[in-house]
Structures are given as C-alpha cells and as structure tokens.
Amino acid sequence: MSADDRASDLAVPPTPWRQLAETLRDHLRHPGLAIGTGLLALLLLVALFAPWIAPYPPLKTNMSNTLAPMSSAHWLGTDQFGRDVLSRILLGTQVSLQVAFAVVALSLTAGTLIGAIAGFAGGWIERITLVIIDILLAFPGFLFALALVAARGSSLESVIIAVAIAFTPRVAAVMRSVVLTIKPRPFIESSRAIGMSEWRVLWRHVIPNALPPVIVVATVSAATAILAEAGLSFLGLGVQPPTPTWGNIIADGNSLITTNPWISLSAGFCIAIAVIAFNLLGDGLRDTLDPQMKRQTGRGLL
Amino acid sequence: MTGNEQPPAPDEPLLSVANVSKIFSGGRSLLGRQRSAVRAVDGVSLELRAGETLGLVGETGSGKSTLGRLVLRLVEPTSGRITFAGEDLTAKSMAEVRRLRGSIQMVFQDPYGSLDPRMSVGALIAEPMIVHGAPRADIPRRVSEIMGLVGLDARLAHRYPHQFSGGQRQRIGIARAMALSPKLLVLDEPVSALDVSIQAQILNLLRDIQQRTGMAYLFIAHDLAVVRHVSNRVAVMYLGRIVETGPRDKLYGAPRHPYTISLLSAVPLASPALERTRSRIPVYGEISSGTAVPSGCRFHPRCFRARLVAGAGKVPTVASGDGIIPAVCAQQDPKLEGPTSEHLSACHFGPEHDGRIATLQPAGERA
C-alpha cells in the first residue's frame, strides 16, 4: 500500500481503542479464527457460569434414578450413581480450560525465554540447552506424567505441571529455531548500531518478532493439553472423582458404552469441540499475526 | 549524549583508523580441521575530519562494509586501533562503546530489512533516544522534528515500515541514525537498493543534512558516480586494502593505481561521442577470495600495468596465471605512497607506464 492512498486516517490520528477495534475487526475476518474464537468464548462462558447454568448439582447422587435415558429432565440422562451427565460435563469444562490455559501460560513463558536465550546467545549456552531439550523431547511425556503423579499424588496441579514440562521443550525448540532466523536480519544489527544492549535487543526486537509462530505452537498445544488431561483422568491419574472432568466422565461411561453410549460420547464430543476450537484459533493466528498479512493473504479472498 | 566528551583539537581527526585488520577465522570443521580464514580488512588506515565526507569504494568482497562495521565496533577488529574524538574505541568496554554509538551512527544498505517490521515509525525513531536516556517528555517533539528534517510527514509516525516505499524507508533509517545528533554517520551503501530517481533525492537529503549539522560521513558505495557526487576525499579498496586514496578531484581526474584507472574506465559516459572514442581498460578475471590473497601485490593477477611493464622488458619478469608480470609485483607488497601526502597509491610502477594501453586486448574479448 502506498503512503498516500488513505488520506482519511491522516487527519485523525487513531486512538488506541480505535486501533484495537480495527485490529480485532481485521482478525475476525479470518473464518477459522472467528469460529475458533467463538467456540472458545462459548466454552469460557460455560466454564465461568457452570455452577449456575448446570441444572443439577453435579455431585448429587440419586440412587433411585440411575442410568436414566435422555429426557427433558435429564437432557443427557444420568450415570450409574444417578448424577446428571449434562451438569457434570458443564462442570468438566472448568477443569479442561484450566489445564489448557495453565499449560499454555507456563510452557509459553518458560519455553519462549529458554528458546530465545539459547538461540540468541549461541555458543555453549545454546548447545547445553539443546541437549536438555532433546532429552526432554525424547522422554515419553505420559511416562513422565505417571512418574510425577506417583511422586506428588494425583491432582490438577500434578497434571498441569507434568503437561507443562512436556510442552516447554517443544515451545523452546520452535522459539530457538525462529530466533536463529531473526538473529541475522539487518534490523537486529541496526538495533545494535544505535547502542542497544544485547538484552534489550532480545526483549524489544527478537522476542516480539519470534512470537507469532510460537503462539501458534502454544495454542495448538492447548488442544493437546486438554487431551492429555482427559487421558490422565481417564486412567484415574488426573483429577480425582467425584470432581467431574471430561476424562473421568468418559472413564465412568466406559463400561456402559453399549447401553448408555451418550455418557462417554457427549464428553468425547466436548473434548473434540475444545480441541477443534484451539486448533482453528492456532491456524487463524498463524495467518493473521503478521503485520504484512493484509497484503499477503488479500482481503478479497474472504 | 555527547556533552561529556572533550571537543577534539582543531587539527585532530574526528575518526582515525590505524592499521586495522579483521580476519574472520573459519573455526574448525566437524573433523577438527582448521577452516580457512578470510582476511576481510587487512591493515587499513584512514582519517576523517569533522564535517568531511570520505567515500569508500570497492567491489563486492573488498571489505568496505566490514570496515564500516569495525568503526562502530559492530565487528571486533583482529588488530589495530580506532580512535574516535580522541577516545580509543578498540580499548573500551562494550558498555562504553554502546554509549559512544550515540555519536557514531550507521545507515544500512537494505531499507526493507533494517527496520523492525513490528514497530511503528515513530517508535523506531524514538528508540535511539530512549536507549540513550533522553528525557521522555522531549521525545515526541524531537521525533516529529527529525521526521520533518528528513522529509517525512510527522503525521505518519503511527504507520509501520511496510506501509512505506523504499525511498521513504531509507529516510526513516536516516532519521533513526540522526536522532541522537551523531558526529559521524557511517553510510553503508545507503542508495544501492533504491531506484536511480530516488537515489538522487536521498543523496541531496544527505548533503542538506551535512550542511545543516556538520556531521562527518563515511560513505561506503560501489557506485563511483555516487561517491564522486558526495565525497570530499575518496579511498579505493581492493581485497581488504586501500589501494589509492586522495582528494576527490585528484583521484577522479588523475587516478594513479591501475585498479582505480580500470574502475573509472568502466563508468559509462553521458556523451555517446566521448564514449566511442575512449578505450576500455581491461581488468582480468574477478576479485580474488579473501581466503587466498595473492602473493606480493594483491592486484597483480588482474593488473594491466603489470603486463605492460613486463612487455616493455626492462625489469625481471615471472609468469603469473595467463600473463607475464614483473617479478616485484608477484613478490613484494607495494606501500601506499605518492607524490603528495594527500594522494597516495599502492603500486610499484607509476601511471607513466600506461602509455601503450591501447595495445592490450580489451578484457571483454577474452573468454
């Protein structure tokens, strides 16, 4: 775009709010990003308001009404203890999103810092970090989670820590390789030339330019974190019953899959929705988190 | 930023580079074999006074860009001394060098790559001031002032680099370098990536800025016409060495080194009549690699004068490559010396030997 073809926004310098609104509008034109954000917003609302929108207390058993079929009273029926499945699934959203966000926050922060420093410093710092990353990547994540749960006891925190530790080296590896492509770019040298310290160059120029692909990896890893939590809970190593999570709802329904398939299937459906939401968001961010994307992907396509 | 430095004595050069070398050692390969080292800059000395423009010309691979980076210590010199405004840059700690970079700034060749794509133009121009601790309150005013100075509309400060054209981006690069009012600007091929019409605008802008601020320029380029337009003095580099240096008019009017003569003969003339009458002087082959610097005079494999002198047959000769050259050219490294202390060239033989130049085959007709 040439500098003069939008004379209108010369006259009014954009306020931060207007700029933010404009950015949001631009980003939400991407269909994947819009759908992912929409689904995720929905899940978030469900998680926040689960105690109020759940029709029954999720832990309340009712031995006179076990394994009820779907009905207007119990939309998804009841399980073998007479608990309302819909209420349990709604509450399970909380655990899944908590795991997803905590894992992303932890692994993104740690992985970004470790990868950025390793890639930017080079030399022996990079070599040692790479060796550690490779060892962690080669180590089966599930085995590690099992060991951690054995040591700390099974709890939500154990799951989060285990999954975060499994994901940090992935983020760090991606971050390092992106930093390696940014390090030789001329604007890094030009930052040094104005007298910036190495830390400042790293913080102000290297990391912001390296983040987009890493954010995409982290978003997609949120989906995997939800799966990992479900898997661990299914095995009884994650969040302990009776607290509902999608994983242990599937486990509870496992033995009833022939007679009451909706119990497992509905929880599985929720996992699929959450994973798709995060993946769409990740793909959408990959396409839009580039200031030049307006030129490259072309608005005309959407 | 520059207030706490001693003003240099009137006679003292602002920048003095003394016998500086940079050897990029190849390190060791996987099997422990020593990789060959590249002698990018090899014993270069030059001086630059306040307000002066020194043009540095040479082919790709002559080490001119490395020399520019050595001046800012973006590249660590292997040996030699660089003195700026009376302070020995080579002896300083990195923190002190960073502080001094406030007074030595650089404009880069690539106007597309040298600006962080994620920062607005205003932030890019403000950055050097923030780094060097200018009072925050002054910065916005100073940013619009500098943008005006380089011919950019200050209302565009919130735009991002990709929204500008190449010439405008180079103006942003210049604005960024000027933000701290440096005393020396290293211009590394500032117009090579631009259209010819834009080149003239940028060169005129640089001239105006120099007239207004008295900044000294170290102007690195491969385009002899551009260098002639902007420089007071010119230094010609070949394979990490300065082979000829002198005041602009002397160097362009009466070049002494065969390399300079060949380069100048390759510049097209504006008049077709003149262009037809003059003879193109051959340069044989291509610039050697910095990993295998030729013995003796490093220009001897490509030199027409060496062939002429050898052909005249009054000196001992040796065979070299595809020609016969004087033995001294292949054995002895010529010193940079000349008739006056201003105009120096590094050649064993003077331009008086070039009389029979027309007898040589033009380089273009050799395969």
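So, start with one pair of residues: in chain B, Phe24(B) stands opposite Val38(B), which sits in β2(B). Before I go on, this is a predicted model, where local features need pLDDT of at least 70, side-chain atom pairs count only at pLDDT 80 or more, and totals for chains, interfaces and linings use all residues. Residues are numbered from 1 along each chain as its sequence is written, while chains are lettered from A and ligands numbered from 1 in the order in which they are written.

Okay, back to that pair. Strand β1 of chain B, residues 15-24, runs antiparallel to β2(B) over seven bridges. Strands pair if DSSP finds at least two bridges between them. The sheet here is open, with four strands in the order β2-β1-β4-β5 of chain B and antiparallel pairing. Which strands are at the edges? Those are β2 (38-48) and β5 (87-88) of chain B, each pairing on one side only.

Now the domains of chain B. The assignment, which is automatic or from a database, gives domain 1 as 15-242 and domain 2 as 260-362. Their C-alpha centres are 31 Å apart. Domain 1 of chain B puts 16 residues into the contact and domain 2 of chain B puts in 13; contact means C-beta atoms, placed from the backbone, within 7 Å. And here's β2(B) again: it gives the largest share of the domain 1 side, three residues.

Over to chain A, and a pair of helices. The axes of α9(A) and α10(A), residues 246-254, come within 7 Å and cross at roughly 40 degrees. Axes are lines fitted to C-alpha atoms, for helices over the stretch in contact, with angles from 0 to 180 degrees between N-to-C directions. That makes the two helices, α9(A) and α10(A), oblique to each other: under 35 degrees would be roughly parallel, over 145 roughly antiparallel, 65 to 115 roughly perpendicular, and the rest is oblique. Residues making the contact include Phe234(A) of α9(A) and Trp246(A) of α10(A).

Last, where the chains meet. 23 residues of chain A contact 30 residues of chain B. Which elements of chain A give two or more residues to that side? They are α8 (186-193) and α9 (198-234), and α8(A) gives the most, with six residues. So that's α9 of chain A turning up both at chain B and against α10(A).

Key
Two residues are in contact if their C-beta atoms, placed from the backbone, lie within 7 Å.
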